[in-house]
Structures are given as structure tokens and as C-alpha cells.
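This briefing concerns a predicted model.

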Amino acid sequence: MDEATTVTPPANTGYDIYSALAQRFGDEHFVRQDTRTGMPVVWVTAERLIGSLQFLRDMSAPFNLLFDLSAVDERLRNNRQGLPASDFTVFYQLMSIDRNADIMLKVALDKDSLRLPSCVSVFPCANWYEREVWDMFGVEFTGHPHLTRILMPPNWSGHPLRRDYPARATEFDPYTMTLESQQADQEALKFEPEDWGMERERGESEFMFLNLGPNHPSAHGAFRIVLQLDGEEIIDCVPDIGYHHRGAEKMAERQSWHSFIPYTDRIDYTGGVMNNLPYILAVEKLAGIQVPARVETIRVMMAEMFRISSHLLFLGTYLQDLGAMTPVFFTFTDRQKAYEVIEGITGFRMHPAWFRIGGVMQDLPTGWEKLVQGFLDWMPKRLREYERTMMENTIFLERTRNVAPFNTREAIEWGVTGPNLRATGCNFDLRKQRPYSGYDNFEFEVPLAANGDVFDRGQIRIEEMRQSLRIIQQCVNNMPAGDYKADHPLTTPPPRERMLQHIETLITHFLQVSWGPVLPPNESMQMVEATKGINSYYLTSDGNTMSYRTRIRTPSFPHLQQIPALMRGGFVPDLIAHLGSIDFVMADVDR
Amino acid sequence: MEWLTPQWQANLLAMGQALVILLGAVLLGAVLTVIERRLLGLWQDRYGPNRVGPFGSLQLVADMIKIFFKEDWIPPFADRTLFVLSPAIAMASLLLSFIIIPITPGWGIADLHIGLLFFFAMAGINVYAVLFGGWASGNKYALIGAMRASAQTLSYEVFMGLALMGVVAITGSFNMREIVNAQADLWFIVPQFFGFCTFLIAGIAVTHRHPFDQPEAEQELADGYHVEYSSMKFGMFFIGEYVGMVLVSALIVTLFFGGWHGPWLPPVVWFALKTGFFLIFFILLRGSLPRPRYDRVMSFGWKVCLPLTLVNLLVTGAVVLLVPG
């Protein structure tokens, strides 16, 4: 499928965007930075920030998707030659669907004046990102409509992602909980409509504020959303996240490049090795490792297995949220079949942590083809059955058609990616648009829908499972021969074959296994088309055994932020249907 | 033994029958909770409860022990009187309806002239259980559940009554025995097919069974009106729902499927078989359908079912008037 919907200039090369910016605002406001992120990285002064963002958003073939916004505490970073002086750097990553290109703007901040103008008026989805930066780094965004903590509890003190904030429990004072502190914590979680500019009553009617979650059958994890109800009509709602926050980005700064792999598994916990992929690919970019074709193909195969497994979980719970109790048992039977394959190959079910820097953990076991083929033969008739029994059911159609619809423009405005974006008819799949890990060698189609409603978001995932089966079939038929590890000094764990022969090899091996690999100082970024949307890892290496900063951009975060914009005026059952159709897990939102 | 006059014998027999039927109904309701789980398990490619006793047969005992020994908690913010009253209403109103069901020519508690009307009255009272429970709980989810329940039951009871008027018109009586006897040759399912369809739908709605379980809607309201109930008070709502299922199944059998009539087998077996069929149908329905949206349920009731029952009643009335005898 070579749709001509996207003009594809050689992606991310050249700095024509930089020149355009410099021409518009003056050369002195911009500094280029060379990185391995694969996109132009431009430092901009704080006073030209909003102007530049607006300029990029409004140019022809615009950068209209705010892909990511976060910050780096640069105070302890050694290798930053040629970069503007900065204590805290806030970065804005913009994406252009039309150009199939990205650009990153960085703003340097002094630690004594951590203040930036908010860009919520330019990109509505910046709202949560800016709250997260405030929460984690203490950078204030002037003009932000509601700058409060988002991941940490409201009465937390300190900004956890600062370098001087302790990372381990042993570095803190022992934790104590008194009755007073418990009550204070409880009190802090109380919802006050006035804080959010909500009225308690209008005219004759008094609104009901319904606290849905963090424990609720349809909240898909520890997710809370406060509804302002008039009868069953949702006047407004406020999603509240952070109950599943585990500080994965902080942990990345205290784990070796290698030992962080298992943590990535738990970001989107239904995605398994799909989570390893962007991290490993970004690390390999830093290290300059080229992996053998066999490794690429194995990775694609396992990632697609997990896409199917995740979509099956989606399908079951999505239908269950619509009141159908049976399908979830069938999809779990199918997931079990998928897990038998995954377990046979990786030795683990949900969190195999199986990809390695420069390869995978071990070669495919003997007889793997039969195992995978069994699954490939099993699935298609099941998918057909789901369509027949559920997707064509009249009640189901009534519940899903034209419920919580959004179009491509709104999707991009809110940073929606993945199947939810494609359900609006936007043909943007990274596996096609920016093939990684050898996806360009596979034949498959990108399923699209037109209405962007709850039904389309469900149907498109069934179609995606079919395409994933196609990809896996091609892996089975054409698995390249070769090694399962790259022959590179930074491959981790390093090959053992020559280790016992040479003392030098032994020393290198020992250092790499005990300390972990040391990656050259640079920055790299990799996005993948994960199960729920675009997942990316933006790594900053300071030439150490550990990452200096690991930014994990997850698809579910902006997807949840969009909920109020869609649900105003809807009914409670529509909200439940929409929640089911987003396909999110809270671990993927809170990290 | 002189006091044992024939009058007293009849009284004692009637009392014994009443006791057996009511206990049987409750017990059947309780057993159904387990049967439902086993059947759903069967249809969902899993086992269901099979650990307690041979084939899970003692699951009910385990459930009973558990539910009796749970803490019987009344929320401090609840309205105590109503909170305690509503499960009792839920259970009692449905159980009392059983007195009008003629099981066999010889079995049955009361032979009321207004048999059907008595059932409508009891079904009307049953709404209060949900309404009180939802209101007294002092819980927003319960309140929304109660709100849905009252709106739904009101709409569906309107045409539930009308759906049966065709049967009444043909028989010329509200008396259940006479209705059954009138079906000796032809079950009312044939002349009253639309009446049957609408009554079945209304029956599901009145018992809050899936897909009309809007008041509970686990995915939306986290169990709705009985979310604050625990222990045996919850148990009464829970068993009450199954008793309601038995009642509606028995009514369908009595009104449309000839009650105890049937060849070869004894009447009680026919009655049990037919009722069992509808009980299983109820369970299958739960296993197979998604839940429609609440406002759709309402508009379906008013815009489809009500006109259908009215047309059915008109046609039946015309036929009864035109065809002599």
C-alpha cells in the first residue's frame, strides 16, 4: 500500500525548517544541535518560543501534532559542548503528518527563573504535558489554565525528576503515616468543582458530581474521572491520573542501559516486548549497532504477537464494557494460545524482557515454526466469529456508531496516534511511514476507517490483528538465517565464545556484564507503532553506564486527556463505551 | 382426632402446599444462582464453580454460609428504616406473586378471581424495593440505578399489563386456572404471539435481567442500587432477582404455553420442563447480548412495544367480538 496521501521528502534530513525559522524570527534566536534523534533539534530563546510554535503549526504542511513535551535537568550533565547554557531544558517535539517529519525545539532555562509561557493556546494537548513538567521539574508555565500536580499526589513536596531528588527509598527518611497525615492525604484528593471552574448548580438544577474511579469496573486500572452530571448527561468531566505512577523515567537514571529493559516491559503492560523495541532501537542508535536481519525479523514477529495479544485484551474488555459478558472469555482463550507461543519462544508470558541491546536474549527454539503456525491457523476463524456475533449485532451497533466521534483534525490537535488516529481516516502508520526493524520488507495493509467513532476504533483493531497475522506468517516463511546477536563491542550481554581465550576479551566482558555498557554521549530517539499508538523513547546519554535522561512518550497519556473534549453532552454509558474504545492501560499513562 | 374435620384437612393441605411452593421457589432461586454460573461457564468455554462437592454441587451451601456470616453493614449515611425495608420488599413482593401460579390441577396456593391483577400489583410494589434501596443507600451510583429502575419499570409495566389483556380477552377471565384450562386445545402462544413477545420483554425488564439490567449495569454503575448492601440483605436482592426469573418463567408458561398441559408426562413434569426452558433462555440471553443504552431501552418500550401491544389488543378484541363462541 503506497498511498500518495503523504508527501514524503527525505524524512528529517536537512535543516530547511531551521532556515525558515531563522528567516522568520532572526538568526540570533536559534542554535542547532546535532543528535542521533533523526530530526532537527533547534534551541530557541524563551521569548521566541510561542511564536516559533505558532509558526510551525501554521506553516504549509504544518507541524501540527505536539508529539511530546518534557524537560531535562541539565545541571549534572558533563557532555554538552556547543549547547546554550542551561540548568533546565524544556523540549517540544512536533510532528508533521503531511511531511512525515519531526522537529524538536528546546528552551534553556536558568535554575533561578524556571518560568515559560504556556503553549496551551497553541496546542491544547500541551495542558497535561506542562502540568507534568511542573510536577516533575518545577518549571512554571505562565498562563496555564490549571497548573497543578498531575502524577504525584496534590500535597507532594519536591519535584521528583530533578537530579538532586533522591531516587531510592533508602535515600529518604523512613516513611511514617499518622492519622493526621492520612486524613490530610484524603482531604487533598477531595474534588472541589470550583477549582476547575465548574458550577455546582445552574438555574433550577443542581449538578451531581460523580466520582468514577480510581476503583471502578470500567476504569481499566487505577483511573479516576469526576463527572459533572445533569441526570445522566455529562456536563463536564475531569480525568485524574497518577495512581499508577511508578517513576519509570526516574528509575531509568539509576539502572544500567541493560538492566532497564525489564522496566520498559511494564510501561504498557499488555504490550510485552513491544515496549522493549523503541528503547532497544534508541540505545542501538546511540551505540551505532546494526543488528542482523534475523534479529530484526525475530523482533518484528514477537512484537506483532504482542500486538495481537494486546488487541485481543482490548476486544474482550471493549465488548464487556458494552455489556456483553461472554466475548472476554473467548478472547482470553485466544490470548492463552498466543501466550503459549510467546512462552515457548521467550520463556515468559506477559513481561518477557526478551530483547537485548544488539539482539535478542536467545535464538528461536527448535520447532518454533510449528508453534507459531498453530496460532496462525487458529486465529482467523475466531476473528471472523467475533465480527459475526458482536460487531454485526444491532444492539452493539447502536451503542457504538456515532458515539464519541472525532475527526482527523481533532485527533491531531489532541495528540492522538495509532489505531485511534487511523480510525478517523488518517493513513499514518509508522511501520509504513518510517519503517524500523525491517518493516519495509513485509507486505501488509494499514486498516483505515472513516468516522472515528467507538465502532471504528473497535473494528480497526480486528483488522489490525489480521494484518499482524499476515506479518507473522511472512516471518515464519522467510526467517533469515544468521546470528541472534550483533557482532559489536556494545552488544549486551557480549558474546561468550572468545571470552575464555583472551584476557582482554575477558576483561571487557567482565566490565560490560558488571557495570554494563558505556554508551557514547549523545541523544537519540526512536518511535514505534506500539499496540496503543506511538510510543517513543528519547534517550540522553552522558557517556555513562546509565542514561542521563530517559523520556518515555506513551500514546495513552494524550488519549486520556482528550476525554472531556469528547464527552461533554454525552451520557454515562457513552463514556464507558468511549473508555473501552480508547484502549489504554494506566501503566502506559502514568509510567 | 375429632378436630380433624374435612375442613381442617383441606386447610392443612393448603398450608402445606403453600409452604412447599414458597420454599421451593426460594430454593429454586438459590439453586439457580449456581446453575446460571455453571451454564454460563459451559457456554463460555470454562468450568464455572466446580470445586465444592462433586461437580460443584455444594457450591450453594458454601455461598450460603459465606453470605450469612458476612458483616451486615449499614452505612452510617444511610436511611436505616428504608435501607432495611427494601430487600424485604424485593423478596416478599415476588414471593407473594407465586400464590397465583397454578402448577398442576391439584397444586397451587390461591385460586383468585383477580389472579393476574394480583401479579401486576405485586410487580408494582417491587419497584419500591429498588427505589427505596437506591435512595436510602445515600450513594450516587445507587441513586442513578434507582432512577433508571423506576423509569424503566414504569415504562415497561404499562405495556406488560396490556400485553396480557389479549389472553384475558380470549379467556374472559383473570383467573389463572381458567386461563390454563382455556389452553387445553391450543396454547395461547399461537393466537397471542405478539402478546407473548411483548410480555417476555417486559418480564425481563421487570426482573432487571440482562439486557435490561440498567439499574445494576455493572460496567457503568458498579452494581447500581444495591452497591451499598452486604451480607443477607444483598442476598435477598440477589435471590430475589432469581425468584423473579422463576416467577416470570412460570407466568409465561401458564399464560402462553398451556401451563401443565402436555401429552404422556404428568402435569407437574410438563410445568417444570417448560419453566426450566425459559429459565435457561433467560440465562442464555444474559450470556449472548450486549447491553443497550438506557435511553434506547426507554424509547424501545414506548415506541415499539407499547404500539405493538395496543394493536395486538385491538385485533384480539375485534376477533373476539366478531367470531362467535
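In chain A, strand β17 (residues 547-553) is mostly covered, with 7 of its 7 residues buried; a residue is buried if 20 or more other C-beta atoms, placed from the backbone, lie within 10 Å of its own. Strands here are DSSP runs of E of at least two residues, and helices are runs of H or I of at least four, both numbered from the N terminus. Residues are numbered from 1 along each chain as its sequence is written, and chains are lettered from A in the order in which they are written. The model is predicted, and local features need pLDDT (the predictor's confidence in each residue, from 0 to 100) of at least 70.

**Hairpin in chain A**
- Strand β16 (residues 534-541) of chain A runs antiparallel to β17(A), and 6 bridges join them; strands pair if DSSP finds at least two bridges between them.
- A:Tyr538 has A:Arg551 of β17(A) as its bridge partner.
- Between the two strands of this hairpin lie 5 residues, and A:Gly543 takes a positive phi near 70°.

**Fold of chain B**
- Chain B has 11 helices and 0 strands.
- The radius of gyration of chain B, taken over C-alpha atoms, is 20 Å, close to the 20 Å given by the globule rule (2.2 Å times the number of residues to the power 0.38) for 325 residues, so chain B is as compact as a globular protein of that length.
- Of the 325 residues of chain B, 46% count as buried.

**Confidence**
- The mean pLDDT of chain B is 84, and 97% of its residues reach 70 or more.
- The model scores ipTM 0.82 and pTM 0.87.

Notes. This is a predicted model: local features need pLDDT of at least 70, side-chain atom pairs count only at pLDDT 80 or more; totals for chains, interfaces and linings use all residues. A residue is buried if 20 or more other C-beta atoms lie within 10 Å of its own, exposed if 12 or fewer, and partly exposed in between; C-beta atoms are placed from the backbone.
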